[in-house]
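Student: I have a model open on my screen and would like to talk it through with you. Could we start with a residue and work outwards?

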Amino acid sequence: MDNRTQFYKKLKKKLKQDTTFPTKYLFKFIVPSEISKIDDVENLFNHQGAVISKKTSKTGKYTSVSIHIIMKKADDIILKYQQAEKIEGIISL
């Protein structure tokens, strides 16, 4: 089993133990400050009632993107992280 698979398995277990669904969940990502990459992150949550806030780093090289959204189950949270992984240069926090 690779590291990513183990990570998501652990995350799912923790979410199921510690979270009552549906829940308001906070996703945090750091992406290079390119409009296309920031748009890619926002589009993962588009039209789902998400509250999205962005903050650019002091150097302007990176942007922090925070998303508050109601999630129905642990699998939905993991799916969002897996979709986000496909964005080049993204860091999930």
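Student: Which residues does T63 touch, not counting residues up to four places away in sequence?
Tutor: Setting those sequence neighbours aside, T63 touches F29, I30, V31, S33, I38, K54, K55 and T56, where contact means heavy atoms within 4.5 Å. Please keep in mind that this is a predicted model, in which local features need pLDDT of at least 70, side-chain atom pairs count only at pLDDT 80 or more, and totals for chains, interfaces and linings use all residues. Residues are numbered from 1 along each chain as its sequence is written, and side-chain values use heavy atoms, with hydrogens and water left out.

Student: What does the side chain of T63 make a polar contact with?
Tutor: Its partner is the side chain of S33, at 2.6 Å; a polar contact here is a pair of N or O atoms within 3.5 Å, and within protein one must be able to donate a hydrogen and the other to accept it, while residues adjacent in sequence count only if both atoms are side-chain atoms.

Student: Is T63 buried or exposed?
Tutor: T63 is buried, because its relative accessible area is 3%, and the scale used calls a residue buried under 20%, exposed over 50% and partly exposed in between, with a 1.4 Å probe and protein chains only.

Student: And where is T63 placed?
Tutor: T63 is in strand β3, which covers residues 62-71; helices (H or I, at least four residues) and strands (E, at least two) are DSSP runs, numbered from the N terminus. S66 is found in strand β3 as well, and S66 counts as buried because its relative accessibility is 12%.

Student: What does S66 touch, then, not counting residues up to four places away in sequence?
Tutor: S66 touches L26, F27, K28, V51, I52 and S53 once those neighbours are left out.

Student: Switching to helices, where is Y81 found?
Tutor: Y81 is found in helix α3, residues 74-84, and counts as buried, since its relative accessibility is 6%. Leaving aside neighbours within four places in sequence, Y81 is in contact with Y8, L11, Y25, L26, F27, F29, S92 and L93.

Student: What about E88, buried or exposed?
Tutor: E88 is exposed, because its relative accessible area is 63%, and its place is in the loop between α3 and β4 (91-92). Beyond four places in sequence, E88 is in contact with P32 and K37, whereas E88 and T59, 29 residues apart in sequence, lie 20 Å apart in space, C-alpha to C-alpha.

Student: Which residues does the cis peptide bond join?
Tutor: A cis peptide bond joins F21 and P22, with omega at about -5 degrees, and P22 lies in the loop between α1 (3-18) and β1 (23-32). Most peptide bonds are trans.

Student: Stepping back, what pattern does the protein follow along the sequence?
Tutor: Read in that direction, the pattern is α-β-α-β-β-α-β, built from three helices and four strands. Residues 24 or more positions apart account for 70% of the contacts with a separation of 6 or more.
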